[in-house]
Amino acid sequence: MPQRVRETSRSARDVHLTTAITEITDWLTDGARSATTPSLMLAQCCERLVAAGLPLWRVGVFVRTLHPDIFGRNFIWRPGAEVVVGSVDFEIQQAPEFLSSPLAIVFHEGLEVRCRLDDPAGERFPFFDDMRAEGVTDYIALPLSFVDGIIHASSWTTKQPGGFTDAQLNDLKCIVPPLARLIEVINLRRTASTLLNTYVGARAGERILAGQIRRGHTETMQAAIWLSDLRGFTALSDRLPPEQVVEILNLYFDCQVAAILKHGGEVLKFMGDGLLAVFPIGDDGEAQAVCSRVLEAASEARAAVAAMEFMSGDVNERFRFGVALHVGRILYGNIGGGNRLDFTCIGPAVNLAARLEKIAGRLGRTIVASSAFADICSGGWSELGEFPIAGFAKAEHVYGRMDETSKE
């Protein structure tokens, strides 16, 4: 009789668990609407599984990304703690700790890896030493297969004596397909945002994702304009192999982009060795603060380019650049032909900045500014003269920094 009671109780528990797993699967299939972020989605999923009777300890989700610097992101959940989010660069693919881990098998072969931590076979994975120290008894890594065929990974551990039961493993495997679909949707949205930010900038990317994708979707805004150019680029391109020129350009743009982003600017376009960036001005009261940040960014970029070196054979190449700063109204949005559009800015203010940059080159100056910019961000300027501007009816007073000599 006692044995029969135990069997009845176990059967009821299995029914309850099966029902709970179905509810969690439905929740994931419906988009886990109660979770507003990927971290919350994983946390709520794990908490629901634990409440259903799965004795989870540490759960990890590992997703590759389409990003120029980041190979993948990882999300680690433990009971009673916030999900820890991290990222790894492309060097992880050759790292010994990754190559000797169960996840390498999942990523490279698409196979699940299950190992009880008291099994001698687990000694081939150094990662398990830390798990044993936490009291983990069982580990399983399961592939997360996306519809494009790319394999991502998940890992599940328990401290339950004896490890996972077969029924518990089956329940985990039932959860993985809808979990993978939801992660894929989240990852696709993040990838779209990342690519837009990478290629058109953060503000433009937000507008495109919000639906501003038709030609003519534009807006007028007040902005400080940055237009820069590498001195002697044509001669450099003729003298050095193309691969070295590309490497130099990347180093050169690194000197500017970091400073521009740090001070609130947005890089809109790379044009050969040229760079166009804007610093939006919300209202007239912001103009002085914005222009001050622009000038700080220009000073930082000037120092970075001056310190930049590149060894070409026995020659240590050194570099100079020029940047023109102006303030004005620009038209910002989608411009192009047919179904090929560019999210950029145009207008007389941009044209004037381009002309000023050429004047900076003729004068051998690094930083020059229009009278509009120098009037807003006053102090530290010297007037370089009044210059006729091609295409403009009036000549323009051009200003340079007092801490620069008139010729480089």
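To start with one side chain: is Arg181 buried, partly exposed or exposed? Arg181 is partly exposed, with a relative accessible area of 35%. On this scale buried means under 20% relative accessible area, exposed means over 50%, and partly exposed is in between, using a 1.4 Å probe and protein chains only.

Some notes on the source. This is a predicted model, in which local features need pLDDT of at least 70 and side-chain atom pairs count only at pLDDT 80 or more, while totals for chains, interfaces and linings use all residues. Residues are numbered from 1 along each chain as its sequence is written, and side-chain values use heavy atoms, with hydrogens and water left out.

Back to Arg181. Arg181 forms a salt bridge with Glu184, with the closest N and O atoms 3.2 Å apart. The term salt bridge requires a side-chain nitrogen of Lys or Arg within 4 Å of a carboxyl oxygen of Asp or Glu. The two residues are three apart in helix H6, residues 166-200, so about one helical turn separates them. Helices here are DSSP runs of H or I with at least four residues, strands are runs of E with at least two, and both are numbered from the N terminus. Glu184 counts as buried, at 7% relative accessibility.

The whole structure has 15 salt bridges. Another one joins Glu317 to Arg239, with the closest N and O atoms 2.6 Å apart. Glu317 lies in strand E11 (residues 315-318) and Arg239 in helix H8, so this pair ties together parts that are 78 residues apart in sequence. Glu317 is buried, at a relative accessible area of 7%. There is also a network: Asp229, Arg231, Glu357 and Lys358 are joined by salt bridges that share partners.

Next, the nonpolar cores. A core is a set of buried Ala, Val, Leu, Ile, Met, Phe, Trp, Tyr and Cys residues joined through side-chain atoms within 4.5 Å. The largest has 43 residues, and Trp226, Leu325 and Phe373 have the most contacts inside it. Elements that each supply at least two residues of this core include strand E7 (218-230), helix H9 (242-262), helix H10 (287-307) and strand E12 (321-337). Apart from this core lies another, of 36 residues, including Trp27, Met41, Phe146 and Ile183.

Now the aromatic pairs. How many does the structure hold? It holds eleven aromatic pairs. Rings of Phe, Tyr and Trp (its six-membered ring) pair if their centres lie within 6.5 Å; planes under 30 degrees apart are stacked, over 60 edge-to-face, and the rest tilted. Phe71 and Phe90 have ring centres 5.8 Å apart and planes at 70 degrees, so this pair is edge-to-face. The two residues are 19 apart and sit in separate loops, Phe71 between strands E1 and E2 and Phe90 between strand E3 and helix H3. Phe71 is buried at 12% relative accessible area, whereas Phe90 is partly exposed at 37%. For Phe98 and Phe107 the centres are 6.1 Å apart and the planes at 50 degrees, so that pair is tilted. Both of these residues are buried. Ring pairs also link Phe125, Phe127, Phe128 and Tyr139 into a cluster.

Last, charges over rings, meaning NZ of Lys or CZ of Arg within 6 Å of the ring centre and within 35 degrees of the ring normal. Lys159 lies over the face of Trp57, at 3.7 Å from the ring centre. Arg401 lies over the face of Trp381, at 4.5 Å from the ring centre.
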